Amino acid sequence: MTKETASTREMTGAEMVIQALADQGVKHLFGYPGGAVLPIYDALFAQKEVRHILVRHEQGAVHAAEGYARSTGKVGCVLVTSGPGATNAVTGLTDALCDSIPLVCITGQVPTHLIGNDAFQECDTVGITRPCTKHNYLVKRVEDLPRILHEAFHIAASGRPGPVVIDIPKDVQFATGTYSVPKEFPHTGYHPKVKGDSAAIKAAVELMARAKKPIFYTGGGVINSGKHASQLLRELVKTTGFPITSTLMGLGAFPAADPQWMGMLGMHGTLEANMAMHDCDVMVCVGARFDDRITGRIDAFSPGSKKIHIDIDPSSINKNIHVDIPIVGDCAHVLEDMLHMWKAEKKQADKKALGDWWKQIDKWRARKSLAYRPSNEVIKPQYAIQRLFELTKDRDTYITTEVGQHQMWAAQFYHFNEPNRWMTSGGLGTMGYGLPASVGVQLAHPKSLVIDIAGEASVQMTMQELSTAVQYRLPIKIFILNNSYMGMVRQWQELLHGSRYSESYSEALPDFVKLAEAMHAVGIRCEKPGDLDHAIKEMIDIDRPVLFDCVVDQKENCFPMIPSGKAHNEMILGDSGVSLDDAITEEGKMLV
Amino acid sequence: MNANANIPSSTSHYPTATNVQKPETHTLSVLVDNEPGVLARVIGLFSGRGYNIESLTVSETEHAKHQSLITVVTTGTPMVIEQIKNQLDRLVPVHRVVDMTLSGRSIERELAMVKVRGKGDERVEALRLADAFRARVIDATTESFIFEITGKSEKIEQFVALMLPLGLVEVSRTGIVAIARGPDTM
């Protein structure tokens, strides 16, 4: 059926769902069937435009869709049933909301006459998902369905992106109505502002041109704004000559190989990035949100600087940190205007001051804050990531992670030169994100090398999705830094709780090699630094899913670190010899 | 540069600890699409983010457009009030958020129905005071009155306080509604 003939015709609600997905250009749908979505699964069966990927748990479906969305810039799609299907999706939806990932999640619901009746597999899906979605709908009439389906895509992708849930009762799926692609949407008041205020942009450019110690602090908003935004950012950073750092979510927008790059900032950021944030006189924040992992102690955050904040979401501005020049708009639009104005007015950075600033930054850099003590006996986790990077950097590689120490080491030691190559759970910090996310990434990029950098604890949370990867012949590589601990929990217990490692030891670990084999994947174990390169190469060459058990130093901590309740200029460094117990005050222990 | 730096650590990662602004009370008018769940979105935002609601009124005001006006009175520091407005504005069914307090050109009114039970002199006194406050009697029995009173919240508070010793038994209030002075609209 061509799209023309389908544009207005009679069909069931279930068929409308599939038709709307096809009209939106959706190629992959991640889901899990159940009673309340059977009509939609029936409609799926009869067509070839939308390919359904059967996951093993609904949380996995949402994370896979997130990985798909983050690596392509498209909207990720999920289909789950009512009740437990919807509640299992909640973690993924919250994750997508925190990290501004565009998703459309369709949930089945019990028939309208049973809603509120405590029917089998009934839950208040719109009630439960209201605070963890950008918007949600309960569709009570089939007439409303086409408009809602298309509006959901518009809302998910526009403005600050986010997840949208459409809850469709089973009788609405069966009902027949007229399908057409709507010309306008029900919510006439929804108009995200993309173009920045030109007076504010002018003021920002003036301030930047006068800066003596400037810094760019960029975030996930640049990635969300599209590849063009990353290009413009690169041009602006080159043109001004300012140093640049980024949040965890923003890695790849600016090339890590560039000399102006200072590495990630924040709690586990580099010394140079954090010191420069603290000492700068003009901060240009592009698509980041002054999150508490970034700012550390609020009243000691970059005390001497004027702050420019570009964000598409007005509620991000002045939420945590007061800024001097707020610019509400899409990063790409604002950066373009900024660059244009900088050039048109022939602005020049203060060369002398900037030179002194770079000298200072080079002194901090010389401190080599990411340094660690190498070993010939055990594999240091940092070394493992460094080798993984060296052996994969010339390939077409995508990286996902779980959450914890391994995630921070990946952010520190795996260097990204392009956007959309780095998929991680930043805001919510969801252990178990990386494996299903890599499934989504691999589907979107079948020829690419997709690696989930994992921990042995995180990976067990969504381990079952390895079965999905096997089913669809997705050759994802799960690179587990196995230190037999929930490493970040262990590190915090060492710091804050007198080394009482309460429940953080990974007892009764599976034999990951045998586990992989039992699931029809390939298992590799590596325990010696000398064997690592060979083992990684072996992993890369296998055209099947691989579970790589990289046994690393159990005691290694993730440094540098800004301890709780401290400022950017009070970092602990790995080889600084500071006892961890002395590093954190009683008040600091209250924080997370 | 390292942890031995002698800096007091009485504050935290979180902005509230360093917030020294004084809380203010603001009246916000929120124009929304009248659709199922819209009130839950607004209220959920307040409870989820820990904002206060002092008063809340809601009714469909434009039937043809299916739009409702929500008037909410809230307290918070200027930074929090700004957040509340931005967070409300972010909700998809919200058309406009106007800070009636900040505009400084708005009229606020509230309606209350006040039930007073009594006999003899107290009854006469209640009726006399009601007259002074321009409250109307909308129901009467030989032992009770129900007064209807409109005005600013302070006026209603005052009336209720006066009725208390005269046999006040029940009060029902609408909460505050507000509208901007002059020819301009939302």
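**Helix packing and buried residues in a predicted model**

Student: At roughly what angle do the axes of helix 2 and helix 7 of chain A cross?

Tutor: The axes of helix 2 (residues 13-23) and helix 7 (residues 145-157) of chain A come within 10 Å, where axes are lines fitted to C-alpha atoms over the stretch in contact and angles run from 0 to 180 degrees between N-to-C directions. Helices here are DSSP runs (H or I, at least four residues) and strands are E runs of at least two, both numbered from the N terminus. The axes of helix 2 and helix 7 of chain A cross at roughly 35°.

Student: How should I read the numbering and the values?

Tutor: This is a predicted model, in which local features need pLDDT of at least 70 and side-chain atom pairs count only at pLDDT 80 or more, while totals for chains, interfaces and linings use all residues. Residues are numbered from 1 along each chain as its sequence is written, chains are lettered from A and ligands numbered from 1 in the order in which they are written, and side-chain values use heavy atoms, with hydrogens and water left out.

Student: Over which residues of chain A does pLDDT stay under 50?

Tutor: The mean of pLDDT, the predictor's confidence in each residue from 0 to 100, is 95 for chain A, and 96% of its residues reach 70 or more. Where pLDDT is low, the predicted coordinates should not be read in detail. In chain A, pLDDT stays under 50 over residues 1-5.

Student: Are helix 4 and helix 5 of chain B roughly parallel or antiparallel to each other?

Tutor: The axes of helix 4 (residues 121-132) and helix 5 (residues 153-163) of chain B come within 10 Å and cross at roughly 170°. Angles under 35 degrees count as roughly parallel, over 145 as roughly antiparallel, 65 to 115 as roughly perpendicular and the rest as oblique. Helix 4 and helix 5 of chain B are therefore roughly antiparallel.

Student: How many of the nine residues of helix 12 of chain A are buried?

Tutor: Buried means under 20% relative accessible area, exposed over 50% and partly exposed in between (1.4 Å probe, protein chains only). Among what covers the buried residues of helix 12 of chain A are strand 9 (214-218) and helix 15 (351-366) of chain A. In helix 12 (residues 271-279) of chain A, the number of buried residues is eight.

Student: Is A:Thr218 buried or exposed?

Tutor: A:Thr218 lies in strand 9 of chain A, and A:Thr218 touches residues including A:Leu233 and A:Val286, contact meaning heavy atoms within 4.5 Å. At 1% relative accessibility, A:Thr218 counts as buried.

Conventions. Lists of a residue's contacts leave out its neighbours within four places in sequence.
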